[in-house]
Amino acid sequence: MRFLCRCYNSVMSFRRTQGIAYCSVAGTRSNSSGSADSDGSARAVPLSYDVFDGTGTETPLVFLHGLFGSKSNFQSIAKALVQRTGRKVLTVDARNHGNSTHTPFMSYEVMTNDLMNLMSQLHVGKCVLIGHSMGGKLAMTSALLQPGLVERLVVVDISPSQTTMHTGFPSYITAMKAVKVDSGIPRSTARKQAEDQLRPFVKELAVRQFLLTNLIEQDGHYTWRVNLDAIIKHLDNIMSFPDFDTSYLGPTLFLGGGNSPYISSEDYPEIQRLFPNSDIQYIPDASHWIHRDRPMDFINSICTFLQS
């Protein structure tokens with residue numbers, strides 16, 4: 001280790017932006033029964049995804065977002081990477097997020113099943129997994145459980161450890177569940193109502209704006225597109241990381257924010273045990289949301305890693 005500073009009733013649309021062929025596949029929102037397998041885990045569910053088609057033939061990049069995020073978080077990054085690398089880029093909504101299926105079950109193991117199911121559906125035999133926060137833990141789990149699928153791994157501002165101490169998500173969820181927004185009002189007014197109610201509990205403007213990306217209008221009423229009940233039920237699992245006795249031997253990059261506490265020196269031994277062929281880098285003046293704070297540095301770090 002080296003240290004350096006198919007979706008239900010799916011709707012498919014194609015368009016070309018700045019020379020990039022862009023395909024969006026979004027499943028009609030549905031609530032899966034989430035029927036459990038005999039061991040209590042949930043079956044794989046369909047995931048919503050976007051494809052940014054490159055001209056090259058190299059292994060595609062697959063982006064996995066963080067808790068309360070969505071595939072749209074990486075849209076501009078995906079377009080830039082298509083232009084820089086020529087590779088196809090996929091951005092994926094996790095279960096209970098974005099336009100993906102709602103289900104009462106959440107764990108990194110079953111979310112790996114979701115991802116494997118999608119890769120099989122798209123005939124992707126190998127990919128470069130790039131995951132931020134919760135998506136980083138999903139990417140790590142996928143690499144450890146299915147190493148043959150993951151050619152390279154990028155873990156963005158998260159480690160294979162407990163992260164509860166660094167986050168205010170439990171209080172955010174409580175505040176979001178308490179929000180009441182009038183029906184039949186413009187989206188801008190609805191967003192302001194929701195933000196006013198979140199403000200006493202979510203002090204940071206950037207975090208409030210991030211959470212508010214999940215406010216949607218549905219049948220004339222405003223609601224959250226994330227499945228808050230499932231997330232709060234399984235939050236302990238989401239904040240922790242599964243136990244593994246195996247290692248992923250592929251090239252791995254841990255990319256931390258210079259102003260973020262999510263990857264600390266205390267995490268290095270476990271990172272080395274699970275990912276012995278890994279580099280740890282930090283991007284100066286970046287918070288937990290590196291791709292938002294320092295997008296060009298983020299893109300350059302990924303491109304350098306792909307060429308190493």
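Visitor: Which residues is Ser-70 in contact with, leaving aside its neighbours within four places in sequence?

Guide: Ser-70 is in contact with His-65, Asp-93, Gly-98 and Arg-225, where contact means heavy atoms within 4.5 Å. Ser-70 itself has its place in the loop between β5 and α1 (75-85). The model is predicted: local features need pLDDT of at least 70, side-chain atom pairs count only at pLDDT 80 or more, and totals for chains, interfaces and linings use all residues. Residues are numbered from 1 along each chain as its sequence is written, and side-chain values use heavy atoms, with hydrogens and water left out.

Visitor: Why is Ser-70 called buried?

Guide: Buried means under 20% relative accessible area, exposed over 50%, and partly exposed in between (1.4 Å probe, protein chains only). Ser-70 has a relative accessible area of 3%, and therefore counts as buried.

Visitor: What makes the pairing of Ser-70 and Ser-72 a polar contact?

Guide: A polar contact is a pair of N or O atoms within 3.5 Å; within protein, one must be able to donate a hydrogen and the other to accept it, and residues adjacent in sequence count only if both atoms are side-chain atoms. The side chains of Ser-70 and Ser-72 are joined at 2.7 Å, so the pair is within the limit.

Visitor: Why is the link between Lys-192 and Asp-196 called a salt bridge?

Guide: The term requires a side-chain nitrogen of Lys or Arg within 4 Å of a carboxyl oxygen of Asp or Glu. Here the closest N and O atoms are 3.1 Å apart, so the pair qualifies. Both residues lie in helix α5 (residues 187-198), four residues apart, about one turn of the helix. Helices (H or I, at least four residues) and strands (E, at least two) are DSSP runs, numbered from the N terminus.

Visitor: Are Lys-192 and Asp-196 exposed or partly exposed?

Guide: Lys-192 counts as exposed because its relative accessibility is 52%, whereas Asp-196, with a relative accessible area of 35%, is partly exposed.

Visitor: What does the salt bridge between Arg-208 and Glu-195 tie together?

Guide: The closest N and O atoms of Arg-208 and Glu-195 are 3.2 Å apart. Arg-208 lies in helix α6 (residues 205-212) and Glu-195 in helix α5, so the pair ties together parts that are 13 residues apart in sequence. Arg-208 is buried at 7%, and Glu-195 also counts as buried, at 15%. A network of salt bridges links Lys-192, Glu-195, Asp-196, Arg-199 and Arg-208.

Visitor: How many salt bridges does a search of the whole structure find?

Guide: The search finds 11. One of them joins the side chains of Glu-270 and Arg-273 at 2.8 Å, N to O. These two residues are separated by about one helical turn, because they are three residues apart in helix α9 (residues 268-274).

Visitor: How many disulfides does a search find?

Guide: The search finds zero disulfides; the term requires a pair of cysteine sulfur atoms within 2.5 Å. Cys-127 is buried at 0% relative accessibility, and Cys-303 is buried at 5%.

Visitor: What makes α2 mostly covered?

Guide: Of its 14 residues, 10 are buried, including Tyr-108, Asp-114 and Gln-121. The buried residues of α2 pack against elements that include β4 (49-53), β7 (127-132) and α3 (134-145).
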